[in-house]
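Open the model in your viewer and keep the selection panel at hand. The stops below go from an interface to the parts on either side of it.

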Amino acid sequence: MSTQDADGLDVAAIREDFPILEREFNGNDLVYLDNAATSQTPDQVVDEIARYYREYNANVHRGLHQLSQEASIAYEDAHDTVAEFVGASGGREEIVFTKNTTESMNVVASSWGLSELGPGDEVVLTEMEHHAALVTWQQVCKKTGAECKFIRTTDDGQLDMDHARELIGEDTKMVSAVHVSNTLGCINPVGELADLAHDHDAYVFVDGAQAAPNRPVDVEAIDADFYAFSGHKMCGPTGVGVLYGKQHLLEAMEPYLYGGMMIRKVTFEDSTWNDLPWKFEAGTPPICEGIALGYAINYLEDLGMENVRRHEERLAAYAYDRLTEMDDVDVYGPSPEQGRTGLVSFNLGDVHAHDLSSILNDYAVAIRAGDHCTQPLHDELGVAASARASFYVYNTEEEVDKLVEAIEGARELFA
Ligand code: PLP
């Protein structure tokens, strides 16, 4: 009998798909709250990975033998699954498999940025960008003479859209913005940013690493020119990421990596390029990982992305409420009413987040501690580091309560 909760998820049944959650440390059940870093992988996906290696492991596109044909079809079909998942009507031509979000960012910053940017041009980012975007555009701007500008964060941890309207102008060539902040948990109005960018003939790159796993994404409704995310944060394996790009933009861009598979014709003098998306997938691609990402998406779609979104928002709201009840806990980012999902970053008094995380580990509560690859944002917040609890489809309110109990235990220890 299904025991769906108010979000539409049967969390007890979901947890059975993730045997890793049965692990215990120090006599405590594992409470895995580090999902924004990497989510766990359900048996359905692990089984498909094993089936790939047991039954049809082969290189793709090259072989005429049966195994290669089976692997090629599954790998190519996985691109279609991703295209449908994000609403890319151009299909597989608009979906490049990369190593991760970081590589997707580098593909565009190098292939598009190095040839299109120059002195006087501006790339507009947000202060809450992950280093994947921030460092990449910063370095491409250094090479090209373009300038990075940063949209401010409001005091309550949201994107300052008035400042966005001031910054995005005639000199803007690219707006690169995170969809859901991996530190503040806020949901940025990326559709509005895309409109602003397009009004000034600029492009928009959306970092969806924390959004694609936990809410329905429609790249065409956003009107994103580029959109990126990673398989390992959404029930898939490590080693595969996605770059969505509008077909005409990907067609106009130079390849990022050169080598086999991405070519059509090679002579000693010159080469021509393969069709999309293979033009951007040089060498042996992440075959098994890409296929497994397709199965991870099937898994999430069976749960229903609207249900996943509701669940993530409810858990984030519950954690926010429980943590803000504690006088000596500082929580960063907007309130649930203002819009927050998936995660809560915080500090306990002046206890260093690393110390807190290590005490929480004694309670088998796994969280993240550090700057979460947003050092400049932490500078703005006036802290070197923070602790971050992040949730996924298998987490429960009881686990948030265990987090709070563990924080209370840590407080006693540091008192
Ligand atoms: N962007 C955001 C918002 C993230 O949270 C992360 C990972 O934490 C990344 C980019 C980078 O993802 P990956 O390490 O998979 O490239």
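Start at the interface of domain 1 and domain 2, where the rule finds 15 residue pairs in polar contact, both residues at pLDDT 80 or more. On the side of domain 1 that touches domain 2, helix H11 (305-324), S14 and helix H13 (375-381) each supply at least two residues. H11 gives the largest share of that side, six residues. The model is a predicted one.

The contact between them takes 30 residues from domain 1 and 29 residues from domain 2.

How much area is buried between domain 1 and domain 2? The value is about 2400 Å², and carbon and sulfur atoms give 60% of it. Now select Met305, Leu377 and Tyr392 in domain 1: these lose the most area to domain 2, together 27% of what that side buries.

Stay at the interface and look for charged pairs. The rule finds one salt bridge across the interface of domain 1 and domain 2. Next, show the side chains of arginine 215 and glutamate 313, which meet in a salt bridge at 3.2 Å, N to O.

**The sheet of four strands**

Move to the open sheet with the strand order S13-S14-S17-S16, where the pairing is antiparallel. Strand S13 (329-332) and strand S16 (368-370) are at the edges with a single partner strand each, so one side of each has no neighbour in the sheet. On average, neighbouring strands of this sheet are turned by 30 degrees against each other, direction ignored.

Zoom in on S16 and strand S17 (residues 386-390), which pair in the antiparallel sense over three bridges. Select alanine 369, and you will find alanine 387 in S17 opposite.

Phenylalanine 229 has valine 242, in S10, as its bridge partner.

**Loops around S9 and S10**

Follow the chain into the loop between S9 and S10, where cysteine 235 has its place. Phi of cysteine 235 is near 75 degrees, a positive value in a residue other than glycine. Most residues other than glycine have a negative phi.

Now show aspartate 223 and lysine 246, whose side chains meet in a salt bridge at 2.8 Å, N to O. Aspartate 223 is in the loop between helix H8 (219-222) and strand S9 (226-230), and lysine 246 is in the loop between strand S10 (241-245) and helix H9 (247-252), so the pair ties together parts that are 23 residues apart in sequence. By this rule the count comes to 24 salt bridges.

**Last stop**

Go to the loop between strand S12 (271-273) and helix H10 (287-303) and select proline 277. Which kind of peptide bond joins leucine 276 and proline 277, cis or trans? The bond is cis, with omega at about -5 degrees. Most peptide bonds are trans.

Definitions and conventions. Residues are numbered from 1 along each chain as its sequence is written. This is a predicted model: local features need pLDDT of at least 70, side-chain atom pairs count only at pLDDT 80 or more; totals for chains, interfaces and linings use all residues. Side-chain values use heavy atoms; hydrogens and water are left out. Two strands pair if DSSP finds at least two bridges between them. Axes are lines fitted to C-alpha atoms, for helices over the stretch in contact, and angles run from 0 to 180 degrees between N-to-C directions. Contact means heavy atoms within 4.5 Å. Buried area is the accessible area (1.4 Å probe) that two parts lose on being put together, summed over both. A salt bridge is a side-chain nitrogen of Lys or Arg within 4 Å of a carboxyl oxygen of Asp or Glu. A polar contact is a pair of N or O atoms within 3.5 Å; within protein, one must be able to donate a hydrogen and the other to accept it, and residues adjacent in sequence count only if both atoms are side-chain atoms.
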